[in-house]
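Subject: Structure for you to look at

Hello,

Here is the structure I promised to pass on. Please open it first, then read my notes below.

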Amino acid sequence: MKKVIANKEIDVNEEGYLLDFKQWDREICECIAGECDIVLTERHWEVIEYIHDKHHKEEPLSIRGIKKSGVIDVKEFYSLFPGGPLKKATLIAGIPKPKSCI
Amino acid sequence: MSDMKNLVILGAGTSGTMMANHLHAKLDKNDWEITVVDQFKTHYYQPGFLFLPFDIYTTKQVKKNGKKFIPKRVHYIQEKIEMILPENNIVTLESGTILPYDILIVATGTKTAPDEIEGMNGPEWYKSIFDFYTYEGAKALRDKLREWEGGKLVVHISEMPIKCPVAPLEFAFLADSYFKNKGMRDKVEITYVTPLDGAFTKPKATKALHYLLEEKNIKEVTNFNIERVDFEQNKIIDYADVEVEYDLLVTVPTNMGDALIERSGMGDDLNYIPTNKATLQSNAHENIFAIGDATNLPASKAGSVAHFEAEILTDNILRYINGEPLKEEFDGHANCFIETGNGKALLIDFNYTHEPVEGSFPFPHVGPLKLLKESRTNHMGKMAFRWIYWNMLIKGRHIPFVSSTMSEKGKQYDEVK
């Protein structure tokens with residue numbers, strides 16, 4: 001489906017995750033974060049950068065990965081993206097939600 | 001003799017044993033010597049660990065001497081593996097023995113790592129905190145359940161990925177039946193705690209199966225990423241400071257690949273080997289292949305997956321030997337029975353790109369097994385599978401009508417990404 005974010009028409013799935021990372025930019029990122037009641041700080045951007053790096057390398061994201069990332073500890077990750085940090089951080093970073101089983 | 005080439009298989013579990021049988025039948029005995037290394041004597045029927053705690057299976061039904069399943073002409077070394085040295089094409093063993101290889105197959109599986117979570121493997125381990133993914137854990141839990149008088153039972157997954165991702169859910173279903181049969185269901189509160197979005201997370205499975213949790217009065221706590229076990233206060237605590245109290249904690253600890261993989265510098269964060277998901281060749285070395293739970297494939301860590309992989313890997317090893325391009329054939333096919341309690345089970349069939357769907361299996365429109373629906377026939381299928389496992393599967397015999405890649409016939413599927 002289509003959704004207008006930051007005055008741009010973007011392809012998203014039913015949960016709002018971007019279908020095409022090429023459509024992502026910083027403005028869109030800030031808008032999605034706003035919808036999650038998150039104001040992006042420098043720390044958020046560092047985490048988003050880490051998430052993009054993992055995504056490009058096709059390495060799955062996990063809480064364990066965050067723990068070992070050297071970028072952020074898990075407690076801070078939760079405080080930056082309250083609720084479901086992996087789900088929210090991937091939504092904002094414009095990549096698919098981490099996969100699960102059935 | 002010096003012309004003989006060496007194929008070495010590390011691990012004699014489900015995958016390693018299957019590969020030894022397949023390759024023994026396919027490789028020219030004048031050219032190739034096959035060696036299998038595994039330090040443990042016992043081959044466990046791991047799907048049986050689910051039934052052991054409830055006295056449905058006996059200990060004897062889940063273990064046999066592994067040697068019986070390795071072909072006689074295959075070298076079988078029972079010793080701890082020290083290190084893989086991929087640059088030198090050798091494996092070293094604890095005694096100092098050096099095994100050179102032309103082709104290496106790593107089938108060292110996955111293990112539980114309760115030390116990964118603070119407070120789990122402490123004074124209460126196997127007293128009020130149990131796993132059922134090991135023989136020892138399942139047996140200790142059986143003894144506990146025989147005398148337990150009730151209270152809060154928490155069934156918990158520490159982090160993904162885990163072997164047989166539906167097993168904890170089956171455990172919760174079987175626990176419901178078990179306590180009903182003992183006439184004490186009213187004394188037990190069952191809570192299912194998962195780091196995922198829900199017990200079922202894919203839309204179709206959730207729609208078709210969520211009623212099971214309601215019907216069995218199993219509570220769900222979702223998105224719970226455990227930080228520690230407070231074994232003094234009997235509660236588990238997650239990173240968002242959510243607490244769940246328990247009287248009996250049945251947890252699936254973090255699953256990790258063998259420490260050997262870490263020692264050899266060949267693994268990812270969880271000691272799984274980065275592997276091509278379609279060919280099963282390791283990403284780093286062209287003469288090293290990986291199979292089953294030891295890989296980092298985005299497929300389920302399950303015996304059925306290993307079985308399908310083994311058929312494809314055998315073909316690819318032969319292609320590799322003949323200098324032919326490898327076939328990119330593995331599609332992540334998994335086929336799992338899910339026990340739902342009271343003598344019923346579900347059957348699911350899925351792969352990398354297709355969600356579990358409704359339909360019939362293995363014959364389109366005929367079955368006799370129904371996909372994604374509870375039935376007694378499915379339960380009998382699961383029970384019959386133990387015989388199939390010992391007599392056909394690990395011996396590398398093809399299971400009739402079940403193909404290694406997923407068939408789309410007679411199934412109602414939508415493609416997923």
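From the N terminus on, chain A runs β-β-α-α-α-α-α. That gives 5 helices and 2 strands. Helices (H or I, at least four residues) and strands (E, at least two) are DSSP runs, numbered from the N terminus.

A word on the source: this is a predicted model, where local features need pLDDT of at least 70, side-chain atom pairs count only at pLDDT 80 or more, and totals for chains, interfaces and linings use all residues. Residues are numbered from 1 along each chain as its sequence is written, while chains are lettered from A and ligands numbered from 1 in the order in which they are written.

Chain A

The C-alpha trace of chain A spans about 35 × 30 × 25 Å along its principal axes. Of its 102 residues, 26% count as buried. Buried means that 20 or more other C-beta atoms lie within 10 Å of the residue's own; exposed means 12 or fewer, and partly exposed is in between, with C-beta atoms placed from the backbone. Now take the contacts in chain A with a separation of 6 or more: residues 24 or more positions apart account for 49% of them. Two residues are in contact if their C-beta atoms, placed from the backbone, lie within 7 Å.

Chain B

Chain B has 7 helices and 25 strands. Its radius of gyration is 22 Å, close to the 22 Å from the globule rule for 417 residues, so chain B is as compact as a globular protein of that length. The radius is taken over C-alpha atoms, and the rule is 2.2 Å times the number of residues to the power 0.38. Buried residues make up 47% of chain B. Its C-alpha atoms fill a box of roughly 70 × 50 × 40 Å, taken along the principal axes. The average pLDDT of chain B is 93, and 98% of the residues score at least 70. pLDDT is the predictor's confidence in each residue, from 0 to 100.

Where the chains meet

How many residues of chain A are in contact with chain B? There are 13, and they touch 19 residues of chain B. α3(A) supplies the largest share of this side of chain A, 4 residues. By class, the side has 5 nonpolar, 4 polar and 4 charged residues. Ala, Val, Leu, Ile, Met, Phe, Trp, Tyr, Cys and Pro count as nonpolar, Asp, Glu, Lys and Arg as charged, and the others, Gly among them, as polar. For the complex, the predictor gives an ipTM of 0.77 and a pTM of 0.91.

Best wishes
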